[in-house]
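Please look through the structure below, taking the sequence and the model side by side. The paragraphs that follow lead from one region to the next.

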Amino acid sequence: MKRLTTKEKEIMDMLWKNGPMFVREMVALYPDPKPHFNTVSTQVRILKNCGYIRHKAFGNSYRYYPAVTEAEYGRKSIAGLIKNYFDDSYMSVVSAFVKDKKISVDELKDLIDQIEKG
């Protein structure tokens, strides 16, 4: 799953928050100055081709909806980050957090307790 660009993520956030939408509805949600309809339509088409969104036809128009949940995207993004930057080692990630003092030893022990409890 490819990583979303900033503009693609904006569109996905709209769909995750608001549900199915037409491109014109997406454009209306942008602050001024609003992007051109064709610009948003192109981004939507890219997301559709990548499998992030699907559509349902309404006459000669399409209403788009997310094909992946925000949580699914988050999990796959984290997995890709770990694969690409930590040699696919979750232990390396946790170790880096401990070394950078992003997680304390006590927090790590609590996490282990939670895992053991299921």
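At 45% relative accessibility, Asp110 counts as partly exposed, since buried is defined as under 20% relative accessible area, exposed as over 50%, and partly exposed as in between, with a 1.4 Å probe and protein chains only. Asp110 lies in helix H6, which covers residues 105-117; helices (H or I, at least four residues) and strands (E, at least two) are DSSP runs, numbered from the N terminus. This is a predicted model, in which local features need pLDDT of at least 70 and side-chain atom pairs count only at pLDDT 80 or more, while totals for chains, interfaces and linings use all residues. Residues are numbered from 1 along each chain as its sequence is written, and side-chain values use heavy atoms, with hydrogens and water left out.

Asp110 also belongs to a patch of negative charge on the surface, where it gathers with Asp106, Glu107, Asp113 and Glu116. Patches are made of residues with over 30% relative accessible area and no salt bridge, like charges being joined within 9 Å and nonpolar side chains (Val, Leu, Ile, Met, Phe, Trp, Tyr) within 5 Å. The place of a charge is taken as NZ of Lys, CZ of Arg, CG of Asp or CD of Glu, and the accessible areas come from the Shrake-Rupley method with a 1.4 Å probe, where for residues only the protein chains shown count as cover.

From the surface we turn to the interior. In soluble globular proteins, nonpolar side chains tend to be buried together. Here the largest nonpolar core has 19 residues, and those with the most contacts inside it are Ile11, Met12, Met26, Val40, Val44, Tyr52 and Ile53. The elements that give two or more residues to this core are helix H1 (6-18), helix H2 (23-29) and helix H3 (37-49), and H1 gives the most, with five residues. A nonpolar core is a set of buried Ala, Val, Leu, Ile, Met, Phe, Trp, Tyr and Cys residues joined through side-chain atoms within 4.5 Å.

Side chains of opposite charge can pair when their charged atoms come close. Asp13 forms a salt bridge with Lys9, the closest N and O atoms being 2.8 Å apart, where a salt bridge is a side-chain nitrogen of Lys or Arg within 4 Å of a carboxyl oxygen of Asp or Glu; by this rule the count comes to one salt bridge. Both residues lie in helix H1, four residues apart, about one turn of the helix. Asp13 counts as partly exposed because its relative accessibility is 30%, and Lys9 is partly exposed as well, with a relative accessible area of 29%.

The backbone deserves a look of its own. Most residues other than glycine have a negative phi, and most peptide bonds are trans. In this model the peptide bond from Asp32 to Pro33 is cis, with omega near -5°, and Pro33 is found in the loop between H2 and H3. Asp87, although not a glycine, has a positive phi of about 55°; Asp87 sits in the loop between helix H4 (70-85) and helix H5 (90-99) and counts as exposed at 71% relative accessibility. Asp88, in the loop between H4 and H5, likewise is not a glycine and has a positive phi of about 60°.

Phe22, found in strand E1 (residues 21-22), is buried with a relative accessible area of 13%, and the C-alpha atoms of Phe22 and Tyr90 are separated by 40 Å. Lys101 lies in the loop between H5 and H6, and its C-alpha atom is separated from that of Asn60 by 55 Å.

Note on methods
Lys, Arg positive; Asp, Glu negative; His and termini not counted.
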